[in-house]
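Okay, thanks for coming, everyone. I'd like to walk you through one model today, so let's get it up on the screen.

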Amino acid sequence: MKLEACIFDLDGVIVDTAGYHYLAWKRIGTELGFDFTEEMNETMKGISRYDSLGKLLEFGNITISEEEKQRLCVVKNDYYLDSLSDMNHENILPGVVSLLDELKEKNVKIALGSASKNAIKVLDLIGIKERFEVIVDGNSVSRSKPDPEVFIKGATELGVSPAHTIVFEDSNKGLDAAIAGGFKTVGLGSPEHLGHADIVLPGLGEVSLSDILHQLTSTTMTA
Ligand code: B16
Ligand code: MG
């Protein structure tokens with residue numbers, strides 16, 4: 001079977017912004033009077049800003065009005081955007097650029113599939129926006145991961161089939177979305193959280209496309 005495309009999640013896969021989202025939510029948690037932990041944050045990775053706030057409020061056992069929810073989403077985003085002020089090419093995670101190079105060389109299509117409404121801004125800051133033929137982000141989907149919409153839209157716009165496309169994800173919910181859409185999946189992070197991916201790697205550093213393909217199918221997928 002031939003590899004037609006790769007769809008990359010953004011935060012935690014292409015760039016190390018997952019920690020910045022966490023710190024912004026932690027600050028909101030502190031302001032609401034409770035300690036928002038990394039373990040709690042794990043369940044929020046990959047989901048939309050509004051849905052993330054809903055989870056945070058559940059963790060804190062807090063009920064607020066819709067108006068206050070909208071206000072807190074704006075405050076959280078302001079904290080997050082502040083943390084991006086020094087972001088540049090150096091924040092790209094190890095192995096990403098060489099993998100994008102290899103995919104281009106082998107004519108494998110490349111898309112972004114992110115829940116973030118800040119995706120284009122982040123890609124601009126790190127200087128790799130032009131490498132993505134298709135960008136699907138939080139502004140272009142109506143259903144948050146784990147719904148497969150973001151990845152299905154990416155594959156449709158690229159003109160490829162999910163079964164011939166790899167999704168790279170750092171979040172549990174993102175992997176659920178990719179699996180529901182019928183994609184091959186590579187989880188980036190710990191097997192404890194991402195054990196349902198076809199394969200789990202600690203990151204993209206020091207791994208080649210052929211290693212990934214070999215591990216994914218042993219024999220049936222080629223680029
Ligand atoms: P924003 P991804 C997701 O991006 C993040 O993982 C998640 O933590 C964040 O809440 C979500 O984007 C929305 O981001 O507030 O910037 O619109 O991992 O799908 O690239
Ligand atoms: Mg992510």
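A word on naming before anything else: helices (H or I, at least four residues) and strands (E, at least two) are DSSP runs, numbered from the N terminus. With that in hand, look at Asn61, which sits in the loop between H3 and H4. Asn61 has a phi near 55 degrees, a positive value in a residue other than glycine.

Now some housekeeping. This is a predicted model, where local features need pLDDT of at least 70, side-chain atom pairs count only at pLDDT 80 or more, and totals for chains, interfaces and linings use all residues. Residues are numbered from 1 along each chain as its sequence is written, chains are lettered from A and ligands numbered from 1 in the order in which they are written, and side-chain values use heavy atoms, with hydrogens and water left out.

H3 covers residues 49–60 and H4 covers residues 66–83; they pack at an angle of about 110 degrees with their axes 10 Å apart. Axes here are lines fitted to C-alpha atoms, for helices over the stretch in contact, and angles run from 0 to 180 degrees between N-to-C directions. So H3 is roughly perpendicular to H4, a label for angles of 65 to 115 degrees. Who meets whom? On the H3 side we have Arg49, Tyr50, Leu53 and Leu57, and among their partners in H4 are Leu72 and Cys73; contact means heavy atoms within 4.5 Å.

H5 brings Leu99, Glu102 and Leu103, while H10 brings Leu209, Ser210 and Ile212.

Next, the ligand. How many residues surround ligand 1? There are 16, and the closest are Asp11, Ser114, Ser116, Lys117 and Asn118; to be near, a residue needs a heavy atom within 4 Å.

Two last stops. Met40 lies in helix H2, residues 38–42, and touches Phe34, Asp35 and Phe59, leaving out residues up to four places away in sequence. Finally, Lys145 and Pro146 are joined by a cis peptide bond, with omega about 20 degrees. Pro146 is in the loop between strand E3 (134–136) and helix H7 (149–158).

Terms used
Angles under 35 degrees count as roughly parallel, over 145 as roughly antiparallel, 65 to 115 as roughly perpendicular and the rest as oblique.
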